[in-house]
Amino acid sequence: MSKLFYRFVRRKISFFIIPSIIISVIFILYQLKIFYDLSATSLKPNAVQINERMIIGIHPQEQRFYIPRNGNFTCIKSGEIMEFKKVNDNYCDCDDGTDEPGTNACPDGIFYCTRISSNKKFPKMIPSSKVNDGICDCCDGSEEFNNNVIIKNFPRDSQKHSRHFLVPCPNLCE
Ligand SMILES: [Ca+2]
Ligand SMILES: [Ca+2]
């Protein structure tokens, strides 16, 4: 009798345990998917990113420093560690200013234009103080990503004549 009872209990346990394990695995996989989706969302391009991998304003050889490691960014020279979302958030966090390659938040920063022109009139890089100042400096106007119209009443014809363009920037890369 006790053996029969024991067998019955074992059967009941396996009846409940196996579905519970399956449900738990599905639940964990679902949680992992949500976590992955959230991580991907946080890396989607915004105004200061060229795409989800490239951050605007960085020298191509420095792109490797701007890959999130455990969601963090390490200031290139000064070494502080902070959340990666502080890169290009328009607030200067690193002592060396390397968290703001694409904005004018840090003093003495350098902004590297997204495209380089063979026409030497256009710079490869500009002081970050010229980012979003309403005047087109890079050949593609990539530093004017906020499209701030700061200077008005300067007609396009006059801009062409003076060879200085205002936002919205034309693409003059060759
Ligand atoms: Ca920052
Ligand atoms: Ca500018």
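Visitor: What is the pairing of the bonded cysteines, numbered in sequence order?

Guide: In this predicted model, the pairing runs 1-3, 2-4, 5-7, 6-9, 8-10. A search of the whole structure turns up 5 disulfides.

Visitor: What makes C75 and C94 a disulfide?

Guide: Their sulfur atoms sit 2.0 Å apart, and the cut-off is within 2.5 Å, so the pair counts as a disulfide. A disulfide is a covalent bond between the sulfur atoms of two cysteines.

Visitor: Which parts of the chain does that pair link?

Guide: Distant ones: C75 is in the loop between strand 1 (72–74) and strand 2 (81–83), while C94 is in the loop between strand 2 and strand 3 (110–112), 19 residues apart.

Visitor: Why is the disulfide of C113 and C138 called left-handed?

Guide: The torsion about its S-S bond is about -75 degrees, so the disulfide is left-handed. C113 is in the loop between strand 3 and strand 4 (125–127), and C138 in the loop between strand 4 and helix 2 (156–162), 25 residues apart.

Visitor: And what makes the disulfide of C139 and C173 right-handed?

Guide: Here the torsion is about 85 degrees, so this disulfide is right-handed. C139 lies in the loop between strand 4 and helix 2 and C173 in the segment after helix 2, so the pair ties together parts 34 residues apart in sequence.

Visitor: How do you know that C139 and C173 are bonded?

Guide: S to S is 2.1 Å, and the limit is 2.5 Å, so they qualify as a disulfide.

Conventions. Residues numbered from 1 in each chain as written. Chains lettered and ligands numbered in written order. Predicted model: local features only at pLDDT ≥ 70, side-chain atom pairs only at ≥ 80, totals over all residues. Heavy atoms only, no water. Helix = DSSP H or I, 4+ residues; strand = E, 2+ residues; numbered from the N terminus.
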